[in-house]
Amino acid sequence: MQLPENAKGTFWETHDPLVALAPMAGVTDSPFRRICKHYGAPLVWSEFVSVRGLHHNWAKSSALLEYTQEEYPVVMQIFGDEPEYMADAAEKIEQAFSPAGIDINCGCPAKKVMKTGAGVALMEHPKLVSEIINAISERISVPLSLKTRAGIRDTDVYEFAMQLPLDKLSGLTIHGRTYEEKFTGDINLELLRRVKEQAPCRVVANGGIATLDDMHRIREATGIDGFMVGAAALGRPWIFRELTNNTPHEPSPMELKETILLHATYMSEFYGEERGILNFRKHLLWYLKGFPGAKELRKRLASIRTVDALQETLELFLPAE
Ligand SMILES: Cc1cc2nc3c(=O)[nH]c(=O)nc-3n(C[C@H](O)[C@H](O)[C@H](O)COP(=O)(O)O)c2cc1C
């Protein structure tokens, strides 16, 4: 793939604040990253991929890492718990995909990930995480980063992070909720502030960031370097325009329709039309949440198989102004 000039490297330093699309398995595929890029997302994460999966079946697992040039810079996230396997995977990914960076997952609370010792379970093993960071950083030339949580059981992110070779990381993203809190509740600003104060790398806040007010409030309380947005981008990719232009953005029905069709077209290009439109349904529900007539529209959309049919139906409900 032909990458843009000066593509490698410095996004961690050049963006202030750094605004990024969070990795979300099953959601932040290539088409979703493209639509977020269309709305100016400076940086996007891939869904996480299993290092074991890559080791045993490279072709199948690495398919999740395919991307189009428009999405660049893309950071690719891996999960696992064995330093050498992780370093091998990172090196292979760099060679095969030229990502803008490699990110280590230390935050996933899913049972099937934790029971292998990976994800947020790693927070209780800072020595092992240090070995993982050291091993990977020796094998790749793109920036290395790590994404974690506010804590798990008796370990908090300050205690965890201060035991890591943070000078080998370009960035540290903290989802400011604990393992126990999962995906709800306020993020812990005090912990974010303390880590930011001491960390030699850039520190990014994540968790519940949905508005410009959230961004300003968190920045003020923590001095943080960046913001990573997950749930708030679902059906609202224009949030990246808001956050990067520092101006609220409410799309007209016309723009909403165009955005839906553009995203559906990306889906169709990436997966083929039938599978693309099928996979697109969950996004449609997010786009149409709270929209007048959404119930009737959803009913009709259930039988839609093509982008053209989607367009015809949307014309009825979201007419041109
Ligand atoms: C469906 C889903 C899948 C996710 N997959 C990942 C993942 O692959 N890697 C990761 O680090 N975090 C993952 N997360 C966590 C998000 O990146 C983010 O940390 C979390 O949703 C909190 O941010 P938010 O409140 O802005 O959504 C996932 C979250 C959701 C909802």
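Colleague: How many residues of domain 1 are in contact with domain 2?
Modeller: Start with the idea. Two residues are in contact if their C-beta atoms, placed from the backbone, lie within 7 Å. Here, eight residues of domain 1 are in contact with 10 residues of domain 2. The side of domain 1 that touches domain 2 has four nonpolar residues, three polar and one charged. Ala, Val, Leu, Ile, Met, Phe, Trp, Tyr, Cys and Pro count as nonpolar; Asp, Glu, Lys and Arg as charged; the others, Gly among them, as polar. This is a predicted model: local features need pLDDT of at least 70, side-chain atom pairs count only at pLDDT 80 or more, and totals for chains, interfaces and linings use all residues. Residues are numbered from 1 along each chain as its sequence is written.

Colleague: Where do the domains lie along the protein?
Modeller: Domain bounds come from an automatic or database domain assignment. Domain 1 covers 11–245, and domain 2 covers 253–317. Their centres, taken over C-alpha atoms, are 29 Å apart.

Colleague: What pLDDT does the protein average?
Modeller: pLDDT is the predictor's confidence in each residue, from 0 to 100. The average here is 94, and 96% of the residues score at least 70. Residues 1–8 fall below 50; this stretch has 11 contacts in the model beyond near neighbours in sequence. Where pLDDT is low, the predicted coordinates should not be read in detail.

Colleague: Which residues come nearest to the ligand?
Modeller: A residue is near a molecule or strand if its C-beta atom, placed from the backbone, lies within 6 Å of it. The ligand has 23 residues around it, and A22, M24, F48, G230 and A231 come nearest. That shell holds 12 nonpolar, nine polar and two charged residues.

Colleague: Is I174 buried or exposed?
Modeller: Count the other C-beta atoms within 10 Å of a residue's own, with C-beta atoms placed from the backbone: 20 or more is buried, 12 or fewer is exposed, and in between is partly exposed. I174 has 31, so it is buried. Of the 321 residues of the protein, 46% count as buried.

Colleague: Where does I174 sit, and what does I174 touch?
Modeller: I174 is in strand β8, residues 171–178. Strands (E, at least two residues) are DSSP runs, numbered from the N terminus. Set aside neighbours within four places in sequence, and the contacts of I174 include T148, A150, V157 and L192. T148 is 26 residues away in sequence, yet 5.1 Å away in space, C-alpha to C-alpha.

Technical notes:
Helices (H or I, at least four residues) and strands (E, at least two) are DSSP runs, numbered from the N terminus.
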